[in-house]
Amino acid sequence: MRALKLIVGLLVAVTIIVFGISLFLPKDFDVSRSIEIDAPPGLVFDQVDSFRNWDAWSPWLAQDPTIKNTFSGAESGVGAKVSWTSQDSGAGSQTITLSERPSRIETRLDLGDMGQPGASFSFAPDGVGTLVTWGLRGTAPGPLGGLFAVFFDRMLGPVYEDGLSRLKRVCEDKASGDAANAEAGPEPGTD
């Protein structure tokens, strides 16, 4: 009985300490990852500017096949919106709020009780390719928000790296296909 009281006391103490520490931690988070893609900025920009293209490179779709996307608003650019439902990942939506071709895209996510962080993509010319940076900023909600904010980079960073690697493959395949088509010239009978 004494051991049980000691264990319960320790659990209560640890819980109080965790909550106490979390209350004093900043709840703001900022996660970003970058990758060099051997494709022109306009081509890479176009793959991100329409949520319909994300099926080819989204790290979340690769991890969770139960995600069902619904598209609304504009086809691409400002006002384009994707809403999703999932047995494993829950529900939410993302809307493009800024689209400056070929350099920047900003979006607003709506994750319900989990908040409304802002995401961004920047596309900078880098030699013959593009340096793409994908970021997410926001404030973690709830009493444990500070604790979550501390670990956000470690949790989300690898997912962004995976998504950027997938985007790189898609864009470089498309760029090499476009180059091959340009070298081949017009198809016979299309002039």
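**Labels and their grounds**

Me: How many bridges join strand β3 to strand β4, and what makes these strands a pair?

Reply: Four bridges connect β3 (residues 81-85) with β4 (residues 92-100), and the two run antiparallel. The model is predicted: local features need pLDDT of at least 70 and side-chain atom pairs pLDDT 80 or more, whereas totals for chains, interfaces and linings use all residues. Residues are numbered from 1 along each chain as its sequence is written, and side-chain values use heavy atoms, without hydrogens or water.

Me: Why are β1 and β2 placed at the edges of the sheet?

Reply: The open sheet has seven strands in the order β1-β7-β6-β5-β4-β3-β2, with antiparallel pairing. β1 (28-37) and β2 (68-72) each have a single partner strand, so one side of each lacks a neighbour in the sheet. From one strand to the next, the twist averages 20° (axes are lines fitted to C-alpha atoms, with angles from 0 to 180 degrees between N-to-C directions).

Me: Why is Thr 130 called buried, and what does its side chain contact?

Reply: Thr 130 belongs to strand β7 (residues 129-139). Its relative accessible area is 1%; buried means under 20%, exposed over 50% and partly exposed in between, with a 1.4 Å probe and protein chains only as cover. Thr 130 is therefore buried. A polar atom of its side chain lies 2.6 Å from the backbone oxygen of Ala 39.

Me: How do you know that helix α2 is mostly covered?

Reply: Eight of the nine residues of α2 (residues 41-49) are buried, among them Pro 41, Leu 43, Phe 45 and Val 48. Asp 46, by contrast, has a relative accessible area of 33% and is therefore partly exposed.

Me: What makes Asp 46 and Arg 101 a salt bridge?

Reply: The term requires a side-chain nitrogen of Lys or Arg within 4 Å of a carboxyl oxygen of Asp or Glu. For Asp 46 and Arg 101 the N to O distance is 2.8 Å, so the pair qualifies. The two residues lie 55 positions apart, Asp 46 in helix α2 and Arg 101 in the loop between β4 and β5 (104-110). By this rule the count comes to eight salt bridges.

Me: How do you know that Glu 75 and Arg 52 also qualify, and how accessible is each?

Reply: Their closest N and O atoms are 3.3 Å apart, so the pair falls within the cut-off. Glu 75 is exposed at 52%, while Arg 52 is partly exposed at 37%. A further salt bridge, at 2.8 Å from N to O, joins Glu 161 and Arg 33. That pair spans 128 residues, from helix α4 to strand β1. Arg 33 is buried at 17%, whereas Glu 161 is partly exposed at 40%.

Me: Why may Val 150 belong to a surface patch?

Reply: Patch residues need over 30% relative accessible area and no salt bridge; like charges are joined within 9 Å, and nonpolar side chains (Val, Leu, Ile, Met, Phe, Trp, Tyr) within 5 Å. Val 150, in helix α4 (residues 145-184), has 41% and therefore passes the area criterion. Together with Phe 148, Phe 151 and Met 155, Val 150 makes a nonpolar patch of about 370 Å².

Conventions
Areas by Shrake-Rupley, 256 points an atom, 1.4 Å probe, with all protein chains shown as cover. Pairing = 2+ DSSP bridges. Polar contact = N/O pair within 3.5 Å; in protein donor to acceptor, adjacent residues only side chain to side chain.
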